Protein chains: 2
Amino acid sequence: MSADTVTAGLLVIGDEILSGRTKDVNIGATAEFCTDLGIELKEVRVVSDETDDIVEAVNALRARYTYVFTTGGIGPTHDDITADAIAKAFGVALPINPEARAMLEARWKQTGTEVNEARLRMARIPEGASLIVNSVSAAPGFRIGNVHVMAGVPIIMRAMLEAILPTLKAGKKVMSVTIKAAVGEGTIGGPLGALQEQYPDVKMGSYPQMGHDRIMTELVLRSSDADRLAEAAGKVREMVREAHRKANLEMPDEEAY
Amino acid sequence: MSADTVTAGLLVIGDEILSGRTKDVNIGATAEFCTDLGIELKEVRVVSDETDDIVEAVNALRARYTYVFTTGGIGPTHDDITADAIAKAFGVALPINPEARAMLEARWKQTGTEVNEARLRMARIPEGASLIVNSVSAAPGFRIGNVHVMAGVPIIMRAMLEAILPTLKAGKKVMSVTIKAAVGEGTIGGPLGALQEQYPDVKMGSYPQMGHDRIMTELVLRSSDADRLAEAAGKVREMVREAHRKANLEMPDEEAY
């Protein structure tokens, strides 16, 4: 474990996300995966199945962050062009990879599946890449440089994240405390901003909660320093109690903090 | 209605999405909104609550697409910096807007809410922008140039999309046909790719369906030309029937196509 800041960018590839036909769940899963490892997910981009768009996005992200994760476009059909685009981005060839082919053929043998040109597309891996095992459906992802190319199908994407986990450098774990307030954001915005200035190393976010019976605001404090986090959380709780008192609110139960 | 191609980029702003704490739903909603209007959503970016990141992303997107939509960061707390970032991106001042202030004060009067500095942050609107009405909680969004700045809370975001709808230029409506196949992507990848080459104006996507009792693949054809779409769909259905026949599958019921 290193104490360095470790950052990541995520590239989601697929027309079906941009048309609204498929609702993405890989952004949330990757965000949680990164947070658990102390990796700061700094940016996400979603682009269509167009080679130039993928090349441009992956080159922008890989220059900027410790790691890049991509999801989507590694299947056997003509619209699966991620491997082609990554090879182009890195300026390398895209031959059939013998190890990938062996993995696929072993699975096809088991299932009595015919080998054809479309299926062999999935064994094309950019030169110099290492494979990411796919425990669900055999077709591997790959890692080249700091870029990890994974499937778009969520269950396979998650299996691939698990597969690469041991190879990733973890960052400083960020802890968080959530504090609930029974007043609106506008009421506590001023004092919260003042506390944020006092604790620049504890990031304070404020999120209005809709759909409750009464006004609710969630304040989320995040820091990699447990002591400073606890101290700031104490101050924010005190500020919320004061706001409740001023609003003549009954002191809400413990749960409300 | 113009028959021109109309494009859009979406910028989602918020640490809570990148940490995984909040699962975004605005991407899917905006994608559907655009598709319904014939606007091609070409790219989505998610960035954190950092002024420079927002400025860079909004400047990249507004130069590239007909419209830019942003969600998040327009509330009353210190972490709501979208208006500041947009003013910076356009190089304009960010004064209190009298119209926005009047909208907010009318609501606050109704609800007996105190006017304070934090709440007045929500009336700061970049010079030259016009307001986007917020029918849910009064605090307006705004439009400056081709950029539409909206709330992150999904219900407010949707209300704002409805509010701007009449001001947007619609594009050529894209229609779609979904065809289900009871074989894997690898089986039909070859013939599907050949049909895609015959119908370059009908975009064909292939999506494996996990979690069914048997192997299922959904083929989605999209085009703004109804006749070509119908012709291509006929060819694809024929191709799927042939694949089923070869696999000695019982002809699935109509539903399977």
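Visitor: Which strands pair between chain A and chain B, and in what sense?
Guide: Strand β2 (residues 39-47) of chain A pairs with strand β2 (residues 39-47) of chain B in the antiparallel sense, over 5 bridges. This is a predicted model.

Visitor: What is the bridge partner of A:Val47?
Guide: B:Glu43, in β2(B).

Visitor: What rotation superposes chain A on chain B?
Guide: A rotation of 180°, with 0.0 Å of shift along its axis and an RMSD of 0.0 Å. The two copies are thus related as by a two-fold rotation axis.

Visitor: Which residue of chain A comes closest to the axis?
Guide: A:Arg45, whose C-alpha lies at 2.2 Å from the rotation axis. Both copies use the same surface, as 100% of the contact residues of chain A recur in chain B.

Visitor: OK, the interface. How many residues are in contact?
Guide: 55 residues of chain A contact 55 residues of chain B. The two chains bury about 4400 Å² between them, and 53% of that is on carbon and sulfur atoms.

Visitor: Which residues of chain A lose the most area?
Guide: A:Leu18, A:Arg21 and A:His78, which together make up 14% of what that side buries.

Visitor: How many salt bridges between the chains?
Guide: The count is 10. One joins the side chains of A:Lys203 and B:Asp15, at 2.9 Å from N to O. There are also 27 residue pairs in polar contact between chain A and chain B.

Visitor: Which helix gives the largest share of the side of chain A that touches chain B?
Guide: Helix α8 (residues 185-198) of chain A, with 8 residues. By class, that side of chain A has 20 nonpolar, 17 polar and 18 charged residues.

Technical notes
Residues numbered from 1 in each chain as written. Chains lettered and ligands numbered in written order. Predicted model: local features only at pLDDT ≥ 70, side-chain atom pairs only at ≥ 80, totals over all residues. Heavy atoms only, no water. Least-squares fit on C-alpha atoms with pLDDT ≥ 70 in both. Contact = heavy atoms within 4.5 Å. Buried area = accessible area lost by both parts, 1.4 Å probe. Salt bridge = Lys/Arg side-chain N within 4 Å of Asp/Glu carboxyl O. Polar contact = N/O pair within 3.5 Å; in protein donor to acceptor, adjacent residues only side chain to side chain. Helix = DSSP H or I, 4+ residues; strand = E, 2+ residues; numbered from the N terminus. Nonpolar A, V, L, I, M, F, W, Y, C, P; charged D, E, K, R; others polar. Pairing = 2+ DSSP bridges.
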